[in-house]
Amino acid sequence: MMIEQVDTPHVDHAVLQGLQEVMGDEYPLLLDTFLSDSQARVAQLHEAQNAEHLSMAAHSFKGSSSNMGAVQLARLCSQLEERAKRWPIFELQELIRLIDVEFANVQALYGAERSRFAA
Amino acid sequence: MNMSTEVAQGPLTVLIADDNMTDRMLLSSIVRRQGHSVITAGDGLEAVRVFAEQRPQLVLLDAMMPVMDGFAAAREIKRLAGEALVPIIFLTSLSEEQALVRCLEAGGDDFLAKPYNQVILAAKIKAMDRLRRLQATVLEQRDQIARHHGYLLNEQRVAKAVFDQVAHSGCLDSPNIRYLQSPYALFNGDLLLAAFTPAGDMHVLLGDFTGHGLPAAVGAMPLAEVFYGMTAKGYGLQETLREMNAKLKRILPVDMFCCATLLSLSFQRGIVEVWSGGMPEGYLLRGDSGERVPLVSRHLPLGVLSPARFEDRTDVWPLAVGDRVLLLTDGVIEATNADEELFGVERLLAALGERNAQGEVFDSVLSALSAFRGEYRDDFSMAELAMVQPDYLKPPALIYSDSGQSSPLDWSSSFEFRAETLKRFNPLPFLMHMLQEIHGLRPQSGALYSVLAELYSNALEHGVLGLDSELKRDARGFAQYYEQRNTRLTQLDEGYVRLHLHVRREGEGGRLVIRVEDSGRGFDARKALATPARERGLSGRGIHLIRQLSQNASWADDGRSAQVEFAWEQQG
């Protein structure tokens, strides 16, 4: 089973720039919210009981990821959302693992971004 | 009515419902930065609850939410909003067409894709707000219109109540009249009036004012006042017409006028006098032969021509008992059916041809109209007047308001009316007014007026104008007679009618002696008295009528002088 690996960047810095402009002083808070919110969502993916829950969880995670400029993460969630509608769960475990890996990258990058600002 | 109410632009309260905290926070910031205030919800159910409690003007709704999804929440919010427009913009990363269609079907007004583009969001909010304000303006104006419509209906109610007081003295309920008129005909400009003259004649007016609503109704009141006032005082049709025309010309705006047909039915003389301006043809229906004579409109409507140019020429027709006159407004001819065809004159004539007994012609026209239209409507006026025996109708007693202490009981007066005056002046109302000051005479007002009118008309027409009473033997001669009357009167340059009135006490009551003289050639009174009374009204000088209604009627000076007396036993 082939899972596409494409050379997509992890973060779209233009988006981050735009977010910083919009949020102003609240930018750090937004980053914090995203990081903690996303952790919960990753857990949701693992705990999903059926295809519908899994698809909806992936959909929601896709939304916030794309809003925050985490493009690779958003793409993977999109794939998961689609496939969850047609494939049996046990065949999706590989994709979920890839999301785990990508999220680790995101944590590192966004964490670094967060630490540019005072606590 | 100020219709420029517009709901003002300003910052909005926006509800943002999204189950994703990150997205919620981001969107809230974006919207706040655009100058609005924000309230939030984390699922569909909470969104509905927050909406109901705080009533935001705009809603941003995530399509996929737990507990109650965006579509269901949207439906519920729209229901709560009612008539007002609360724009709902769906937030979605759905890309399939189906999902987008679902958004709109659920009542969404627009959608915004993730990732959020601030510029697009701002533009959508602005556009939706414009729609929202437009809807609110429309609703406010609608309510204003409804309110004003209510005021208008009330004004009409009041106007109608006032008008009914003005028109109350009419005799439309007389047994020889059959009519159809909607209760609010006044506001279609239709007017139907009927009143008795002191002599027991009946004046009838069917009018059709231009316009609708209050403007049409407002001209009817002064017109009705003139009609009733002058008819009660004994003025003839022509004087009443001149006065009504002058009044309307003076008070109505330039583009408003009143089409009208005016009739004077004289039961004693068996004639009908007709004036018609701007109205559709009326019809004279002969009882015996079934012949139908059209009464054509020969004049302009009332209120168009100045008094100097107004034409008051009337047509006179003999009318036997059983003959009828039918009048109608153009609402009959112009009635349309579902295919927008006009009822038209042909259908009317066909309906008229079908029946001939009293009342049946009326019904025939009504049922033809209802059949044509497929429904019954009363947006036209129609009247049928029958000629009856002279004593058949009982005109109501005249009502006076003074106490009688100042009756003139011992006096004499003489008048001489010469050519110029005879042409244009009717002295009868003036003389009657004076004689009605004598309370004892009032119970005989009807007879008094009839006799005075007959004597004066004899003196003028047969005496001064030299018209041959024998001409009025048949319908054709009748027309000739009145044509000659008009011509000779217009050309008159010499001659006179003299009236002498003498009042004196007699026991507890009194006596009035009237003598009328004319400058004509006279006639053989004795011969006329010996001939039995012919068919009522046509031909003759009404000599038998005069003898019947007064005392001691006598003729002298070769018929150029007539004298009658009226006596009363009590002073009233």
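Q: Within what distance do the axes of α3(A) and helix α1 (residues 21-33) of chain B come, and at what angle do they cross?
A: The two axes come within 8 Å and cross at roughly 45°, where an axis is a line fitted to C-alpha atoms, for helices over the stretch in contact, and angles run from 0 to 180 degrees between N-to-C directions. This is a predicted model, in which local features need pLDDT of at least 70 and side-chain atom pairs count only at pLDDT 80 or more, while totals for chains, interfaces and linings use all residues. Residues are numbered from 1 along each chain as its sequence is written, and chains are lettered from A and ligands numbered from 1 in the order in which they are written.

Q: Why is α3(A) called oblique to α1(B)?
A: The crossing angle is roughly 45°, and that makes α3(A) oblique to α1(B), because angles under 35 degrees count as roughly parallel, over 145 as roughly antiparallel, 65 to 115 as roughly perpendicular and the rest as oblique. The crossing of α3(A) and α1(B) is also left-handed, a term for a near helix turned anticlockwise from the far one by less than a right angle, with right-handed used if clockwise.

Q: Which residues make the contact of α3(A) with α1(B)?
A: A:Gly63, A:Ser64, A:Asn67 and A:Met68 of α3(A) meet B:Thr22, B:Asp23 and B:Leu26 of α1(B), two residues being in contact if their C-beta atoms, placed from the backbone, lie within 7 Å. These residues divide into two nonpolar, four polar and one charged, given that Ala, Val, Leu, Ile, Met, Phe, Trp, Tyr, Cys and Pro count as nonpolar, Asp, Glu, Lys and Arg as charged, and the others, Gly among them, as polar.

Q: How many residues does the contact take from chain A and from chain B?
A: Chain A supplies 17 residues and chain B supplies 16 residues. On the chain A side, the elements giving two or more residues are α1 (13-23), α2 (27-47) and α3 (51-68) of chain A, and α3(A) gives the most, with nine residues. That side of chain A divides into seven nonpolar, seven polar and three charged residues.

Q: Why is A:Cys77 called buried?
A: A:Cys77 has 27 other C-beta atoms within 10 Å, and it is therefore buried, since the term asks for 20 or more other C-beta atoms within 10 Å of a residue's own, with 12 or fewer for exposed, partly exposed in between, and C-beta atoms placed from the backbone. The place of A:Cys77 is in helix α4 (residues 71-84) of chain A. Its contacts, leaving aside neighbours within four places in sequence, are with A:Ala58, A:Phe61, A:Lys62, A:Ser65 and A:Ile99. In chain B, 38% of the 572 residues count as buried.

Q: How many helices and strands does the secondary structure of chain B come to?
A: Chain B has 17 helices and 20 strands, which are DSSP runs numbered from the N terminus, with H or I over at least four residues for helices and E over at least two for strands.

Q: What makes β7 (190-196) and β13 (315-318) of chain B stand at the edges?
A: The open sheet has five strands in the order β7-β8-β9-β10-β13 (chain B), with antiparallel pairing. β7 and β13 of chain B each have a single partner strand, so one side of each is left without a neighbour in the sheet. Neighbouring strands of this sheet are turned by 15° against each other on average, direction ignored.

Q: Which order do the five strands of the open sheet with β16 and β19 (chain B) have?
A: The order is β16-β17-β18-β20-β19 (chain B), with antiparallel pairing. Its edge strands, β16 (411-418) and β19 (551-556) of chain B, each pair on one side only. Strands β17 (residues 496-506) and β18 (residues 509-518) of chain B pair in the antiparallel sense over 10 bridges, and α14(B) lies across β17, β18 and β20 (561-568) of chain B, running at about 15° to β18(B).

Methods: Pairing = 2+ DSSP bridges.
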